Structures are given as C-alpha cells and as structure tokens.
Amino acid sequence: MPAAIYGHQDTTFQSCGGEAGIRALVHDFYNMMSGDPAYARIWSWHTKERRVTEDKLACFLCGWMGGPRLYQEKYGRISIPSSHQHLSVTEQERDMWLSCMASALALQDYPEDLVSYLLVELAKPAEAIRRTSQEQKVP
Ligand code: HEM
C-alpha cells in the first residue's frame with residue numbers, strides 16, 4: 001500500500017488491523033516499556049493499572065487513526081498535551097516513548113511504509129506533549 005493513502009478516512013486504522021491490531025500493538029508497547037530498563041523512567045510514571053492504561057491508549061489510537069472514536073465514547077473528550085501536563089517530558093522522555101513505540105511497531109506484521117508513516121505522525125503529539133510540559137515549567 002503506498003504511503004500517500006495513509007491518513008485518509010480509516011485507511012491507517014484498517015492497515016493496522018483494525019481495533020484488534022491496535023490492541024495487539026499497544027499490548028506489545030507496554031510489554032516493551034515495562035520489561036526493558038531503557039524505558040524504566042517513563043514506565044515508573046504509569047499507575048500500574050495496566051489494563052486500563054492499555055485500554056485508554058488503544059481506544060485513543062483507534063480514533064486517531066481514523067477508526068471509531070472509542071476513547072471519546074468510553075472515557076470522554078481528551079486533549080493529549082493537557083492530559084500529560086502533570087509530567088515533566090523533555091526531549092529524552094519524548095524520544096524514549098517514541099523509541100518504545102518503534103520497537104513495538106517492529107513486532108507487528110506491518111508494511112515498512114506504514115511504520116514510517118506512524119512514527120512521523122506520532123512524533124507530532126509527542127512533541128506537543130514535550131512543549132506543553134516544558135512551557136508550564138517556565139516561571
Ligand atoms: C511524549 C512521551 C509520552 C509519555 C512520557 C507518556 C506518558 C504517559 C503516562 C505516564 C500516562 C498515564 C498512564 C497511567 O496513569 O497509567 C499516559 C497516558 C496516556 N497517554 Fe501518554 N505519554 C507520551 C506520549 C503519548 C502520545 C504521543 C500519545 C498519543 C498518540 C499518548 C496517549 C496517551 C493516552 C490516550 C493516555 C491516557 C490518558 C488518560 O485517559 O488520562 N501518550 N501517558
């Protein structure tokens with residue numbers, strides 16, 4: 001599938017295997033984060049209510065990829081930067097999160113162009129989180 005079509009309607013969602021595919025990705029993502037010491041810092045920020053955390057990220061990603069807006073239906077509206085405002089996300093933690101996601105993506109049976117597309121797109125909300133998180137720390 002050519003990269004150009006990702007991002008239109010629900011093509012990204014479908015290419016990721018729909019809800020089941022995204023749940024598998026998120027499950028691998030948190031397995032990676034909880035198991036690899038390289039991610040210990042950001043993992044330590046999580047509440048350990050892993051089932052709920054996984055569900056929230058998977059529901060969010062379904063809608064974010066053009067599929068059903070499961071997060072909104074289940075948990076209500078969300079602003080990604082605001083929901084991370086309590087954390088101190090610098091470039092280091094942003095890149096840790098993205099690197100963990102890259103490792104989880106590599107475990108899926110996704111075409112290379114889909115993986116590249118997702119990493120470019122996910123870097124945008126990740127950077128927005130970093131910016132918001134750091135802005136509020138400026139006196
Ligand atoms: C920039 C690096 C990031 C870090 C360090 C980070 C960290 C966290 C942490 C610690 C939580 C709370 C989990 C818990 O309480 O168990 C969380 C929740 C969440 N994160 Fe992130 N995150 C990052 C990037 C992202 C990105 C890029 C997205 C979306 C594409 C995202 C989506 C979510 C969602 C949907 C939740 C649940 C929020 C809620 O319902 O309150 N995160 N994240």
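**Close-up views of a predicted helical model**

**View 1. The shell around the ligand, by residue class.** The shell around the ligand holds 15 nonpolar, five polar and four charged residues. Here Ala, Val, Leu, Ile, Met, Phe, Trp, Tyr, Cys and Pro count as nonpolar, Asp, Glu, Lys and Arg as charged, and the others, Gly among them, as polar. This is a predicted model, in which local features need pLDDT of at least 70 and side-chain atom pairs count only at pLDDT 80 or more, while totals for chains, interfaces and linings use all residues. Residues are numbered from 1 along each chain as its sequence is written.

**View 2. Who sits around the ligand.** In total, 24 residues surround the ligand, and the closest are Trp45, Thr47, Thr53, Phe60 and Trp97 (a residue is near if its C-beta atom, placed from the backbone, lies within 6 Å of the molecule). Helices H4 (50-64), H6 (80-83), H7 (91-106) and H8 (112-135) each supply at least two residues of this shell. The largest share, five residues, comes from H4. Helices are DSSP runs of H or I with at least four residues, and strands are runs of E with at least two, numbered from the N terminus.

**View 3. Where H2 meets H4.** Glu19, Ile22, Arg23, Val26, His27 and Tyr30 in H2 meet Arg50, Thr53, Glu54, Leu57, Ala58, Leu61 and Cys62 in H4 (contact: C-beta atoms, placed from the backbone, within 7 Å). The residues of this contact divide into seven nonpolar, two polar and four charged.

**View 4. The helices of the chain.** The protein chain has eight helices and zero strands. Its C-alpha trace spans about 45 × 30 × 30 Å along the principal axes.

Note on methods. Two residues are in contact if their C-beta atoms, placed from the backbone, lie within 7 Å.
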